[in-house]
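Thanks for making time, everyone.

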Amino acid sequence: MHFANWGNFPTVDTLSYNQLSIAELASFIRDNHGFIARGNGRSYGDASLNRNSILNLSKARFNEKGMVYNAADSELIVNSGCALTEVLNNYFPEHVIFPVIPGTKKVSIGGAIAADIHGKDHHINGTLSKHVSCLDILTASGEMITATPDKNSDLFWSTCGGQGLTGIIVSATIKMLKTESSVLRQRVTVCESLDKLINESCQQNNSQYCASWVDLSGTKSHGRGVVFSGRFASAAEVMEQGNQFLEKKYTNSRLSIPCYCTSKLFNQPTVKAFNSLYYYLNKRKNNTFTSINGFFFPLDAVNNWNRLYGRKGFVQYQFVVPQKEVLQKIVNVIKKERLYSTLGVLKIFGKQPKHYGNLSFPMEGYSLAMDFKLNHGLFKTLDYLDEIVSDAGGHVYLAKDSRMKASTFRRMYGKAVDEFLEVKAKYDPNGKFSSMLSKRLKLNVI
Ligand SMILES: Cc1cc2nc3c(=O)[nH]c(=O)nc-3n(C[C@H](O)[C@H](O)[C@H](O)COP(=O)(O)OP(=O)(O)OC[C@H]3O[C@@H](n4cnc5c(N)ncnc54)[C@H](O)[C@@H]3O)c2cc1C
């Protein structure tokens, strides 16, 4: 079968195994070599691709219920194949919310843990691993191992953020958060320059959630943007607003891109026009109430929006650096190289918790995610950006990557790679779990 992840690059023809039971998965693992787990394919690059075989877990339900919530201690026990959408559908109407919410609800829980995802509240809540108390993992011997921050903790911290390379997460116990309502109170602030945008983003980082959109169209408006911050409204605020904000059941998107568009759709004039429209529409907003979909998942409003980039696909480049000057430098390089990005998202990360996944992406500092249509010369410029990020002591996000070089990756993640590889060698000595990403980045075995 033909597979690609969200960026539609790279693509691979491979064998896919679907809906295996735990016993079947264990026996597959014992008898085979060279495979990787796949959730919902919402990583952008090659993290869940393998040329031999893919273990497709997106529909896997290892027990009848799929998920069970224990209200007494706010813990959710959930199968890794369940999607975040299902978790939200089941519990959000009761004001129980997943602790870390990414920019799409279409990820699987296993994929979210394997990427140790961050959300708009990273500065308060850290990455997902902080909220996971237990994982059941099928390792390379076919044995199921329970790992927690205290028991088999080496396996736990290498599996969170480990991109599926330590084993298959079968189920997870996750501490959920409670909210008073299901609507958000949002503040929208437009900023006409990058400097102002960064300052405003830092200031508004005392809100529960905060992230900013950046215009990276390479025009004279390059660097301007909009800060979106907010928090869940209190019950009293919702009452005051009346019926219009009464709890909305979670809806699916109705719009869809039916087929791949021409790759010429995104060029500098169209990107400029889109950015201007978006900027001016937001200029008219101020403090508003909004739904969970509007606040967290605007991109999910259109199914298959990745097809807008055409068949050749695109790359999302997300980095974090400790210094704002380095972020500013990169934004300037993009303009100089005429590498306009269709989408730019700035997030100010807070301090990481004491423990986090060995290969987790975030660190305290300034993160920018950008979408670039694939074209000749793109990788050369991204290699140059990698060098800047690495020299500044920063990271590029593996969940979005499809092209970084092993040597650069080593320099970026340093000691964390050695620690990860030691654990990988202990639980998967023959490198059974492997992906195109792990081969490219030499993350197989020591
Ligand atoms: C529109 C969009 C917005 C996004 N926003 C954010 C964001 O705000 N923050 C953020 O951190 N990320 C974000 N992401 C990235 C996304 O959260 C991660 O890539 C996540 O891993 C995708 O989950 P998936 O189930 O689709 O995994 P896949 O892409 O299928 O797999 C991703 C990795 O998880 C591993 N994996 C999957 N299931 C299992 C399992 N059961 N056991 C072990 N390993 C497994 C795979 O081997 C692979 O290495 C975004 C992605 C998109 C497309």
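So, in which loop does S207 lie? S207 lies in the loop between α6 and β14. When I say helix or strand, I mean DSSP runs (H or I of at least four residues for helices, E of at least two for strands), numbered from the N terminus.

Before going on, a word on what you're looking at: this is a predicted model, where local features need pLDDT of at least 70, side-chain atom pairs count only at pLDDT 80 or more, and totals for chains, interfaces and linings use all residues. Residues are numbered from 1 along each chain as its sequence is written, and side-chain values use heavy atoms, with hydrogens and water left out.

Back to S207. Is this residue buried or exposed? S207 is buried, because its relative accessible area is 17%; buried means under 20%, exposed over 50%, and partly exposed in between, with a 1.4 Å probe and protein chains only. Setting aside residues up to four places away in sequence, S207 touches H123, I124, S229 and G230. Contact here means heavy atoms within 4.5 Å.

Now step back to α6 itself, which covers residues 194-203. Its buried residues are L194, L197, I198, E200 and S201. And what covers them? The cover includes strands β13 (183-191), β14 (209-214), β15 (225-232), β20 (344-349) and β21 (365-373), along with α10.

That brings us to α10, where I330 lies. I330 counts as buried because its relative accessible area is 0%. Leaving aside neighbours within four places in sequence, I330 is in contact with F319, M370, L385, I388 and V389. I330 and L368 are 38 residues apart in sequence, and their C-alpha atoms are 9.6 Å apart in space.

P322 counts as partly exposed because its relative accessibility is 35%. Beyond its neighbours within four places in sequence, P322 contacts M363, E364, G365, Y366, A392, G393 and G394. Take E364 from that list: P322 and E364 are 42 residues apart in sequence, yet 6.2 Å apart in space, C-alpha to C-alpha.

Next up, the ligand. Which residues come nearest to it? There are 34 residues around the ligand, and A37, G39, R42, S43 and S108 come nearest; a residue is near a molecule if one of its heavy atoms lies within 4 Å of it. Then there are the polar contacts, which are pairs of N or O atoms within 3.5 Å. A backbone N or O atom of G39 sits 2.7 Å from a ligand oxygen, and a polar backbone atom of R42 is 2.6 Å from an oxygen atom of the ligand. With S80, a polar side-chain atom lies 3.3 Å from a ligand nitrogen.

S435 is buried, because its relative accessible area is 1%. Not counting residues up to four places away in sequence, S435 touches I36, D46, A47, L49, N50 and L165.

Most residues other than glycine have a negative phi, and most peptide bonds are trans. So which residues here are worth a click? One is D116, with a positive phi near 45°, in the loop between α3 (109-114) and α4 (122-125). D116 is buried, because its relative accessible area is 1%. Another is N152, whose phi is positive at about 50° although it is not a glycine. N152 lies in the loop between β10 (144-147) and α5 (153-159), and N152 counts as partly exposed because its relative accessibility is 30%. As for peptide bonds, a cis one joins F9 and P10, with omega about -5°. P10 lies in the loop between β1 and β2 (11-13).

Finally, β1 turns up again in the second largest pocket. How many residues line that pocket? There are 16, and A4, N8, Y260, N306 and R307 lie nearest its centre. Strand β1 (residues 2-4) gives the largest share of the lining, 3 residues.

That's my tour, so over to you for questions.

How values were computed: 1 Å grid on protein atoms, 1.4 Å probe; cavity = no way out; pocket = protein on both sides within 12 Å on 5 of 7 lines; lining within 4 Å. Polar contact = N/O pair within 3.5 Å; in protein donor to acceptor, adjacent residues only side chain to side chain.
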